[in-house]
Amino acid sequence: MPTALKILLFVIGALLLVLAFIGGGVSIREFSVPRMQRIPRLFAAGAGTVLVLTSVVLFAVTEEEGGDGPVTGSTPTPSPTASTPTQAPTSSPPPSSPTNSLGEIGQHIPQNFVDDCRPMSDLPQGAVEGAECDRSPDAPEYVDYISFPDSPSMNSYATGLLGVTDVSELPKSNCKTREDFENGGYSNYETENGQHGFIICAVVDNKPIALWAEEFLSIVAMAEEEHLDVDLEAFINWAMDMEKSGPVLDNSSSAATAAAPGS
């Protein structure tokens, strides 16, 4: 109970007791209080006594409990402990495959030896992506694949390797025999699935070289065998079959067989 109310009870009780006391008739010099009737006087005495005792008891109880209790007001409500959100289990990323690490150009390297390829460390100027492939049972000593943003920039790079500005400056060749490679030249090609461009054959430092300029994909591919005395026929057959040598439209399918050069 609030202290003010306990004090009020005590004061009222005390006043009633005083009233009961002086109600018996009091006269001090000129001042006199008329005598009260018996019943009102007894009521005042009883009620005063009860109120005074009640207030005294309440004061005593409050003292034992250590004050008037907590101060009224808004008690800050402890914020609920935020539960740690349960993280959904994430699946482990698939292991990186050579095709993924090569980027988009990896999709245009034949599936049978793409695992032997790695990103090209030093791209030619203007190139977008490149891959270097080492010897494997399905490839010669090395094969490079280089993609360009468009066909003109690809053609400029391919012809620049031979010191000409246009492939038509080179002699026409079927690129099917040792003599064709020794004389050097180029041949146009077109596949049934729309790939088209030209292939250049030559011998440099006694090494047979085949270079494709694939205009549909804007990719240059260049292969080299270690020397001219190897099984040149096998190298030529590999180079003339784009399903085996590339670049292919998509190495997940096998619809990239080249038409015979010389068209």
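Biologist: Among contacts between residues at least 6 apart in sequence, what share join residues at least 24 apart?
Modeller: 51% of them. Keep in mind that this is a predicted model.

Biologist: And how many helices and strands are there?
Modeller: The protein has 7 helices and 9 strands.

Biologist: What percentage of the residues is buried?
Modeller: 36% of the 263 residues.

Biologist: Switching to serine 147. Where is it?
Modeller: Serine 147 is in strand 5, which covers residues 139-147.

Biologist: Is serine 147 buried or exposed, and why?
Modeller: Buried, because its relative accessibility is 9% and the cut-off for buried is under 20%.

Biologist: Which residues does serine 147 contact, leaving aside neighbours within four places in sequence?
Modeller: Ile105, Ala127, Val128, Glu129, Ser218 and Ile219.

Biologist: Now arginine 178. Which helix is that in?
Modeller: Helix 5, residues 178-183.

Biologist: What does arginine 178 count as for accessibility?
Modeller: Partly exposed, because its relative accessibility is 38%. That class lies between 20% and 50%.

Biologist: What does arginine 178 touch beyond its neighbours within four places in sequence?
Modeller: Arginine 178 is in contact with Leu228, Asp229, Leu232 and Ile236.

Conventions
Residues numbered from 1 in each chain as written. Predicted model: local features only at pLDDT ≥ 70, side-chain atom pairs only at ≥ 80, totals over all residues. Heavy atoms only, no water. Helix = DSSP H or I, 4+ residues; strand = E, 2+ residues; numbered from the N terminus. Buried < 20%, exposed > 50% of the residue type's maximum accessible area, 1.4 Å probe, protein only. Contact = heavy atoms within 4.5 Å.
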